2 protein chains.
Amino acid sequence: MTSMPSLPSFPSSVRIVEVGPRDGLQNEKNVVPTAERIALINGLRQAGLRHIEVGSFVSPKWVPQMADTPQVLAALPPMADGRYAVLVPNERGMDAAEACPNIGEIAIFAAASESFSHKNINCSIAESLERFAPVVARAQANGWAVRGYVSCVMGCPYEGDVPVQRVAEVAAALYRMGCYEISLGDTVGVGTPRLAKSMIEAVAAEVPVTALAAHFHDTYGQALANLLAVLELGVAVIDSSVAGLGGCPYAAGAAGNVATEDVVYMLHGMGIETGLDLMALAVVGQRISSVVGRSTGSKVARAVLARGA
Amino acid sequence: MTSMPSLPSFPSSVRIVEVGPRDGLQNEKNVVPTAERIALINGLRQAGLRHIEVGSFVSPKWVPQMADTPQVLAALPPMADGRYAVLVPNERGMDAAEACPNIGEIAIFAAASESFSHKNINCSIAESLERFAPVVARAQANGWAVRGYVSCVMGCPYEGDVPVQRVAEVAAALYRMGCYEISLGDTVGVGTPRLAKSMIEAVAAEVPVTALAAHFHDTYGQALANLLAVLELGVAVIDSSVAGLGGCPYAAGAAGNVATEDVVYMLHGMGIETGLDLMALAVVGQRISSVVGRSTGSKVARAVLARGA
């Protein structure tokens, strides 16, 4: 007879943080018209998402895809039961953000690898943390939540392996600085499940696991397996990108963010609630994929749309 | 400080059964020239594979892609330290197989869903088992190993849900009939990790877990997560297809077999041995993908080949 499986204690619900309109589109070659970016965000909200990263205040010289973030924010309907989030790298970005409506949260981003920090934001990890302190103070004065990203948590495109203790130190520094949540990014997508568990366990020794989010890229196809591994440890917040928007800047033609549809399919299949409408997500993802000029990066979307279900 | 992760007891090594030259190519639209199919099998052997499904003796009217199986077998070098396997559906197929060299194993295939059995092999599950009995007897007389497939173990394209107890019954019948190993196929790729565990636990109550193999399709992107879930239960044999050869016949344009490269990357990353050379696999997969006229379905292959590593 069938015995009941001896399952670890998965969370009963997971909050999805949708990063497609920012992290996704920022890494697509084609710049998307402002009206399409707004339609994407509205479509995601209608599919049930309540935590959406909608833009950034990084210099348009570096990230032209996000130059219209003020116009996007101005066009969005207020979201009383959720939050629009924007990336703010420094006080100059904060000046621009403070002139915009509809911001409920900002994100700041540090790396767990010195080389990556230098190449990505042109300063050391310690310098980046110093730079963020006044940004966090101003966000808090505005009543905005602050979320911290740590990149390269399972490997660095320049350094290779990254010690999990280093990840824990940077995460702890961001948490002490006032971030309510730390999103742990496998920026190059090289992690595998054992490492994902070790990494989360190291960080959870410094920061409550309820304040951790998994931001795993699918470059090596490992994202869902890694997410399964850390769900077992109690991680209940997952960053993902509809249609897998956003390639990998370190390997042209390779995948980047894990697709929201694929994550949601797994969670729903396991009886874990997300509050999201999977078919609506697939349709929204299909539309934005055609706008950026490629097929959807979500296998679930391809399967359900091919079946015409 | 980092605590050691509380990990389940994963196997220390996994045997990969490569199904690309048969299950993969059979589901590709373009028929591959015999010389290319032979080159593929030789390339896979050189990458370390020792268990390769090379063809089938199904009527060429139904599966024209496998019509050259006798020529392929005649051209292969003997593999003393491994086995070439072929699908043999009935005694007529066995007549043809017995005229060929280099066969070390045959596979027979049953379904866990009555509707699928009728549509796929035009008989009931019970009738299919009766039909296999003399095939198994002749294989054993030839000194050939016999492997049993069960399809639709986590869902059926016609019936939807499939009870895990039904999977266990069919697996047990094949095992009693003399199959040394039962390969459990998520033919439509709809399974998720909790169900994968429940299914394996149900089957393992009837058949030793050491005699079970996981044959999971990646149509919904779930294959690696499902494999991780069943590795935890002691499953140590995985079927996969280089470059993810073989689409899904039930959803045009969607993925089929999980890519061998992606499985091997996960296993090696977890310290689980396979004896395989990942880069050699990626190169072999790249070549056959260009022969069938599409890009590789392996994310690992795309990433490592894009990096030029």
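At what angle do the axes of helix 10 and helix 11 of chain A cross, and within what distance do they come? In this predicted model, local features need pLDDT of at least 70 and side-chain atom pairs count only at pLDDT 80 or more, whereas totals for chains, interfaces and linings use all residues; side-chain values use heavy atoms, with hydrogens and water left out. Residues are numbered from 1 along each chain as its sequence is written, and chains are lettered from A and ligands numbered from 1 in the order in which they are written.

The axes of helix 10 (residues 260-269) and helix 11 (residues 278-292) of chain A come within 10 Å and cross at roughly 165°, where axes are lines fitted to C-alpha atoms, for helices over the stretch in contact, and angles run from 0 to 180 degrees between N-to-C directions. Helices (H or I, at least four residues) and strands (E, at least two) are DSSP runs, numbered from the N terminus. Helix 10 of chain A and helix 11 of chain A are therefore roughly antiparallel, given that angles under 35 degrees count as roughly parallel, over 145 as roughly antiparallel, 65 to 115 as roughly perpendicular and the rest as oblique. In their contact (heavy atoms within 4.5 Å), A:Thr260, A:Glu261, A:Val264 and A:Tyr265 of helix 10 meet A:Leu278, A:Leu281, A:Ala282 and A:Gly285 of helix 11.

In chain B, helix 7 (residues 164-177) and helix 8 (residues 193-204) have axes that come within 8 Å and cross at roughly 40°, and these two helices of chain B are therefore oblique to each other. Helix 7 of chain B contributes B:Val164, B:Val167, B:Ala168 and B:Ala171 to the contact, while helix 8 of chain B contributes B:Leu195, B:Ser198, B:Met199, B:Ala202 and B:Val203.

Between the chains, the contact takes 51 residues from chain A and 51 residues from chain B. The area buried between chain A and chain B (accessible area, 1.4 Å probe, that two parts lose on being put together, summed over both) is about 4,100 Å², of which carbon and sulfur atoms give 57%. On the chain A side, A:Arg194, A:Tyr220 and A:Lys299 lose the most area to chain B, together 19% of what that side buries.

A:Lys299 forms a salt bridge with B:Asp218, the closest N and O atoms being 2.5 Å apart.

Definitions and conventions. Salt bridge = Lys/Arg side-chain N within 4 Å of Asp/Glu carboxyl O.
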